[in-house]
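Visitor: I'm new to reading protein models. Could you walk me through one, feature by feature?

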Amino acid sequence: MALGFNYLENAIIIEYPNGLLRLLLLFMIIKVKNLPVPQVTCANCQACCCSLEVRIISDTGVPNRHIYIDEYGNESMLRLDDGQCSALNRDTLMCSIYENRPWVCREFEMGSYECIDERIEKL
Ligand code: SF4
Ligand code: SF4
């Protein structure tokens, strides 16, 4: 019995000595590569998500100096001229009001689609 691989057709061919039987099985070739996956953590980021508009929709104790109120009375985190949230510590790139950060910031998940999106755009 001969066993042959036909890579062009993604098939495996088995032939018996008398040549009477040829079995053709279709299969999928799944190529597995050990590609390095860069780890996504806030430690190797530049606080990319802290330049997004962050609406304040519940009272978590955000200090007034960090709150921007628009003409309709909507509250959001104040952003400074560099586009980053005013509560972001520019030296450490960490949130200076972590215990009082808005609900939106609490829900923003590291490694989420939105997180990756921000990193791709800003890093
Ligand atoms: S949550 Fe994502 S985008 Fe925000 S600081 Fe962490 S890694 Fe960067
Ligand atoms: S409140 Fe803190 S976590 Fe939220 S955007 Fe500002 S610096 Fe970032």
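**Starting from one tryptophan**

Guide: Let's start at W103, which sits in helix α1, residues 103–107. Keep in mind that this is a predicted model.

Visitor: Okay. Is W103 buried, exposed or partly exposed, and why?

Guide: The idea is to count C-beta atoms around a residue: 20 or more within 10 Å means buried, 12 or fewer means exposed, and in between is partly exposed. W103 has 14 such neighbours inside 10 Å, so W103 counts as partly exposed.

Visitor: Which residues is W103 in contact with, apart from its neighbours within four places in sequence?

Guide: Those are I57, S58 and T60. Take S58: 45 residues separate it from W103 in sequence, yet their C-alpha atoms are 6.8 Å apart in space.

Visitor: How would I put a number on that for the whole chain?

Guide: Look at contacts with a separation of 6 or more: in the protein chain, 44% of them join residues 24 or more positions apart.

Visitor: And how many helices and strands does the protein chain have?

Guide: Two helices and seven strands. Reading from the N terminus, the order is β-β-β-β-β-β-β-α-α. As for burial, 13% of the 123 residues count as buried.

Visitor: Where are A47 and L93 found?

Guide: A47 lies in the loop between β3 (22–26) and β4 (67–69), while L93 belongs to the loop between β6 (88–89) and β7 (94–95). A47 is partly exposed because it has 18 C-beta neighbours inside 10 Å. L93 is partly exposed as well, because its count is 15.

Visitor: Now the ligands. Which residues are around ligand 1?

Guide: A handy way to read a ligand's surroundings is to list the residues, then sort them by class. Around ligand 1 you'll find V40, C42, C45, A47, C48, C49, F108, M110, C115, E118 and R119.

Terms used:
Residues are numbered from 1 along each chain as its sequence is written. Chains are lettered from A and ligands numbered from 1 in the order in which they are written. This is a predicted model: local features need pLDDT of at least 70, side-chain atom pairs count only at pLDDT 80 or more; totals for chains, interfaces and linings use all residues. A residue is near a molecule or strand if its C-beta atom, placed from the backbone, lies within 6 Å of it. Helices (H or I, at least four residues) and strands (E, at least two) are DSSP runs, numbered from the N terminus. Two residues are in contact if their C-beta atoms, placed from the backbone, lie within 7 Å.
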